[in-house]
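Please read the following explanation alongside the model.

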Amino acid sequence: MTSPRRGGAATRHLLPVADRADTARLAWSLLRRRRLPLTAAAAGFALAGLLGLAAPWVLGDLVDVIRNGGEVTDVVRAAVVVAGAAVLGGAASGLAIIGLGHAAVPALARLREDVVARALELDPEHVEEAGAGDLLARVNDDVRSVTQSLDEALPITIESAVAIGFTTVGLAALDWRLGFAGLCAMPFYVMGLRWYLPRSAPRYAEERVAQSERAEALLSGLHGSRTLREIGYERAWAGHVADRSQRAMSVSIGVFGMLTRFFGRTNRAELVGLLLVLGTSFVLVRSGQVTVGAATTAALFFHRLFNPIGGLLLTFDQVQAAGASLARLAGLARLAPAPTADVAPSTTLPGLRLEAIRHRYPDGDDVLHDVDLRVEPGERVALVGATGAGKSTLALIAAGHLAPTSGSRALGGTAYEELGSDGVRARAALVTQQVHVFAGTLRDNLSLAAPDADDDRLRDALTRTGDSGWVDALEDGLDTAVGGDGHALTPSQAQQVALARVVLADRPVVVLDEATAEAGSSGARLLDRAADVALAGRTALVVAHRLSQAAAADRIVVLDRGKVAEEGTHAELLARAGTYATLWASWSRS
C-alpha cells in the first residue's frame, strides 16, 4: 500500500492508496460472497458472446448457398436464425447485466460502509495532515466514479472482452491461416497498449490527486472565508483555488489527449488486420482452399471486432479512472481498525493525567512544550490563555482525539495506549465550539449518545441543559427534521443539543473546548448553566471562552505560547497579579 505525496504550498501526506494486488484482493473478497449472481452474470456474458457469432457465420454460409443455386427458403431460414440469435443474445446480455448488478452493487455498498467506518475512526490530525479535501473526494467523487463504471462502463467492457475472445476463436475455426492473418494484427494492438497502459494508470491516479487538491482548496476557502476576508487574503486564496483548478483541468485534458492518440494507434491496427484477412482470403479462395462464404465470414468476424474494441476504448478511460478510484477507496477501507482493548470499566470516577506533552502539527512549530496537567477525580479544571496558546490542542489530546508528538496520558491510572481509542472515547466525551447537527430528526440527533433512551429520558436531558420550551414549540417536537434541509437550529440550540448528548452519554470525563462560545450575551448564561449540569459529578477539563467559566472552576491552568504559565484558583491567580489577572481585567472591561 502506498501513500502518494504531492506538494502544494507545503508537502501534504495523503491518505493511503492500495496497490493493484491489494485492490484486487479486496474486490474479490467483496464479490465472492455473491457467487450465484456472479455465476449468472458470467454465464450470460458467455452465452451472449457465443450467440454473437451466429450472424457472421450464417451470412457467410448463405453466400455459398446462393452461389450454389439456393432458394428463397434458405434466405428465410438464415434470417430466422439470425433474428433468433439476436433475441436470445439480447436476453442473455440482460441476464448478465442483472446478475452483475446483484453481485457488484451490494459489494460497492459494503465497500462504501467500510470506507465510512474507517473515515470515522481516523484521528483528526490524520485527516488534517491529509487534508479534508482528500477524504471528501474519496467518499464522494471516488464512490461516484466506481458507481458510474458499474452502471455504464463495466458491462460494456465485459461484453466487449467476451466478444473479442469468441470472435478470435471463431476466426481460427474457419481456417488456421485466416486466424493467423487476424492474429498478425495483434502486435499493432499490443504496441498501442504498451504505449498507453504505462502512461495511463499514473495519469489517472494523478488526475484523482489533482481533483482532491482542488476539493481541499475549495473546502478550506469556504470554511475559512470569514478569516480570509478579515485579513484581506481572499483574492490570493481565489488565485490558489484557480491554480488548483487549472492543474486539475490540465491533467484531465492531458489524459484525454493521450486517449485520442491511443485511438489512432488502434485504428491503424484495425486497418492492418482487415487488409491481412482480406488478402489471405483472396489467396485462399483463388487457390480453392476455402469458399467465398468462408472468406466472407472471416471478413465479417474481423470486422465484428471493431465494435467490441471500440467499446473497450470508449470505456477504457472510465474503467481506468474507476480503477484509480477503487484503489483509493481500498486504501482507506484496508486501514487497520483503531486498536481496542478489553479494559474493565472503573468503579470510581477517574482522574486525568498528562505528562511532558509536546505537540507539533505538520510543517509547523511546536504548539505545546512539555505540558504537565493533572485533573483529580471529580475536579473541574479550566484552561485559559490568549488565542494560539495551545488550549484546543491540549483539549483534543486530553479527549483522545489527537495523539501528541511525545508525552504520556492516562485515565484513572491506565495509559491511553492500553485503553485504545475506543476505550478512551468510551470514558471521555468531547464537545467543541463547532457542534454538528446531523440530518435527521431531533430525536435521532439525541439518540446518537444513547440509542436505547426513551422520549422521557431525551426530554429530561434537554430540560436539564436548559430547554426553555423551544422543543415543544417545534411543529413535530422530537420528530422535527433538523440539519440539512430540515429546521435550522440556532447556534445556542445546537450547542444545547450537544450538551444534552453529554448528559445522555454519561461519560465520567468531559472535555469542553469553548463549547458555549457561539452563544450571544442573551444565551451565554443559559448555556453556562447547561454546561454546569453536564459537568456535574464528572472529571472535567474546560477551555473557557468566557472567564466567568474559569472563575467557577475548581482550578485554573493558564497556557502561554504552549507552556503552563500559571496554575491555581481564581482568587489565588488574581492575587498573584500575573497573566491571568491581566486577562481577567481585560475581559471584565469588555
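In this predicted model, strand 11 and strand 12 (residues 539-543) run parallel and are joined by five bridges. Within this pairing, leucine 512 has valine 542 of strand 12 as its bridge partner. Strand 11 (509-513) is also joined to strand 8, again in parallel and by five bridges. There, threonine 432 stands opposite aspartate 513 of strand 11.

These strands belong to an open sheet of six strands with mixed pairing, in the order 8-11-12-5-13-14. Strand 8 (428-432) and strand 14 (563-568) are its edge strands, each of them pairing on one side only. On average, neighbouring strands of the sheet are turned by 15 degrees against each other, direction ignored.

How many of the five residues of strand 11 are buried? Five of the five are, so strand 11 is largely enclosed by the rest of the structure. In a regular strand, side chains alternate between the two faces of the sheet. For strand 11, one side carries Val509, Val511 and Asp513, while the other carries Val510 and Leu512; all of these are buried, and both faces are covered. Helix 14 (residues 416-427) lies across strand 8 and strand 11, and runs at about 75 degrees to strand 8.

The loop between helix 18 (491-505) and strand 11 contains aspartate 506. The phi of aspartate 506 is near 55 degrees, a positive value in a residue other than glycine. Most residues other than glycine have a negative phi. Another positive phi, near 50 degrees, is found at aspartate 370. Aspartate 370 lies in a strand, namely strand 4 (residues 366-375). With a relative accessible area of 46%, aspartate 370 counts as partly exposed, because that class covers values between the 20% limit for buried and the 50% limit for exposed.

A last feature concerns the surface. Which residues make a nonpolar surface patch of about 280 Å²? The patch is made by Val72, Val76 and Val80. Valine 72 has its place in helix 4 (residues 72-121). Its relative accessible area is 64%, so valine 72 is exposed, since exposed means over 50%.

Note on methods
Residues are numbered from 1 along each chain as its sequence is written. This is a predicted model: local features need pLDDT of at least 70, side-chain atom pairs count only at pLDDT 80 or more; totals for chains, interfaces and linings use all residues. Side-chain values use heavy atoms; hydrogens and water are left out. Two strands pair if DSSP finds at least two bridges between them. Helices (H or I, at least four residues) and strands (E, at least two) are DSSP runs, numbered from the N terminus. Axes are lines fitted to C-alpha atoms, for helices over the stretch in contact, and angles run from 0 to 180 degrees between N-to-C directions. Contact means heavy atoms within 4.5 Å. Patches are made of residues with over 30% relative accessible area and no salt bridge: like charges are joined within 9 Å, nonpolar side chains (Val, Leu, Ile, Met, Phe, Trp, Tyr) within 5 Å. Accessible areas come from the Shrake-Rupley method with a 1.4 Å probe; for residues, only the protein chains shown count as cover. A salt bridge is a side-chain nitrogen of Lys or Arg within 4 Å of a carboxyl oxygen of Asp or Glu. Buried means under 20% relative accessible area, exposed over 50%, partly exposed in between (1.4 Å probe, protein chains only).
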